[in-house]
Amino acid sequence: MNSINPSENVISCLQTILDATATGNYDLFLSVGDSNYRADITKEIFDQVSSPLIPRMSEGYTTTYFGHLKQGETQTYLWKLSFADDGHEFIVRVGVKGDKVNLIWIT
């Protein structure tokens, strides 16, 4: 890994998370996470976050990689999530420990 681009595994995890969010697929969303991630993000929480994003994501979105930082044993990767509707953007923070996602924030 270098400071310019995240590893292929991290990019794949992010894309899986975005695909799952865009389609409301909770099982797919959980597939990239470790046991804490899977326990902490309930179906109800997933639905609350993904429901308003599904229509916006279906019209198109882009991600822009900002960089990463080390937080304990976790590498936290930061992206901007922008939409084709040119509306409100979000910051997506994906924490990875080993080869699994251990946390995610969309703010």
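Start by selecting Lys43 and Asp47: they form a salt bridge, with the closest N and O atoms 2.9 Å apart. Keep in mind as you click around that this is a predicted model. Both residues sit in helix 4, four residues apart, or about one turn of the helix.

Now color the whole of helix 4, residues 43–58. Look at Ser50, where there's a kink of about 35°, shortly before Pro52. Next, show the side chains of Phe46, Ser50, Leu53, Arg56 and Met57, which are buried. What do the buried residues of helix 4 pack against? Select helix 1 (8–23), helix 2 (26–30), strand 1 (61–71), strand 2 (74–83) and strand 3 (90–97), and you have the partners. Then step to Gly60, which follows the helix and has a positive phi, near 125°.

Pick Lys97 and Glu73, whose closest N and O atoms are 3.1 Å apart. Lys97 is in strand 3 and Glu73 in the loop between strand 1 and strand 2, so this pair ties together parts 24 residues apart in sequence. Glu73 is exposed at 61%, while Lys97 is partly exposed at 40%.

Last stop: Glu89 and Lys80, a salt bridge with its closest N and O atoms 3.8 Å apart. Glu89 is partly exposed at 39%, and Lys80 is partly exposed at 26%.

Definitions and conventions
Residues numbered from 1 in each chain as written. Predicted model: local features only at pLDDT ≥ 70, side-chain atom pairs only at ≥ 80, totals over all residues. Heavy atoms only, no water. Bend = angle between axes of the 7 residues up to and from the residue. Helix = DSSP H or I, 4+ residues; strand = E, 2+ residues; numbered from the N terminus. Buried < 20%, exposed > 50% of the residue type's maximum accessible area, 1.4 Å probe, protein only. Contact = heavy atoms within 4.5 Å. Salt bridge = Lys/Arg side-chain N within 4 Å of Asp/Glu carboxyl O.
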